[in-house]
Amino acid sequence: MSKFLMLDGYSLPGFGLMVQGALQIKNEDLSGETSSTSTVNKGVKPKTFTVSLRVKYDDAADLKQLTAKAEARDFGDRMRVYACVNDTVNAMGVRQVQFTERFAVNESDGPRCWDVSFTLREFQSRPEMVEQRESAAKSVTQSSAGKAVAADAGVLEDVRETAEAVAEPLTALERLLQAVDAALGGSDASGEGA
């Protein structure tokens, strides 16, 4: 039984706090009609935590504040991410969580209080971060099979002139070979194709 749970420094109100963690591993059965036990792993889903506690009727303001935390949004209208401090949550390797699915408040049969329960989901799980890194690596190595785009003739002329300006003077042998090439019709003296 966890003694406390803090979200960004906010300590959950009430008493009787209980936190249950769950790790879902997705597998698909490959046996078909056989008795094989073969499966394929479909990934590890983010960990979830079911939290339950009680808040006294006299502490209605505390319940209102907890409800506001559950409804809070970040930039881009996404559910707010909280840094979480709790023995069970942290023991399962989770540091950040979001409220997810159901937030329930019921009147208690016993003492004058509300039974509150909700689910927190791990934010950016390790398997998710690994998948993101792998995806980023694949996108860097991908290439396009598109058509080449023809450059503007003026741009090509500017590039040729710049290359000629920085080119070293031709040696006697290079000038001779260039003249022979021009005589045979391979290219003119400027080096451009015929």
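Ring pairs join Tyr82, Phe99, Phe103 and Phe118 into a cluster. The model is predicted. The count of aromatic pairs comes to 5. A pair of aromatic rings is described by the distance of the centres and the angle of the planes.

**Phe99 and Phe103**
- Phe99 and Phe103 form a tilted aromatic pair.
- Their centres are 6.4 Å apart, and 55 degrees separate the planes.
- Phe99 is buried, at 6% relative accessibility, because buried means under 20%.
- Phe103 is partly exposed, with a relative accessible area of 26%.

**Phe99 and Phe118**
- Phe99 also pairs with Phe118, and this pair is tilted.
- The distance is 5.1 Å centre to centre, with 45 degrees between the planes.
- Phe99 lies in strand β8, which covers residues 96-107.
- Phe118 lies in strand β9, which covers residues 113-122.
- The pair therefore ties together parts that are 19 residues apart in sequence.
- Phe118 is buried, and its relative accessible area is 2%.

**A charge over a ring**
- Which residue lies over the face of Tyr10?
- Lys69 does, at 5.0 Å from the ring centre of Tyr10.

**To take away**
- Phe99 and Phe118 are members of the cluster, along with Tyr82 and Phe103.
- Phe99 is buried, Phe118 is buried, and Phe103 is partly exposed.

Definitions and conventions:
Residues numbered from 1 in each chain as written. Predicted model: local features only at pLDDT ≥ 70, side-chain atom pairs only at ≥ 80, totals over all residues. Heavy atoms only, no water. Phe/Tyr/Trp six-rings, centres within 6.5 Å; stacked < 30°, edge-to-face > 60°. Buried < 20%, exposed > 50% of the residue type's maximum accessible area, 1.4 Å probe, protein only. Helix = DSSP H or I, 4+ residues; strand = E, 2+ residues; numbered from the N terminus. Lys NZ or Arg CZ within 6 Å of the ring centre and 35° of its normal.
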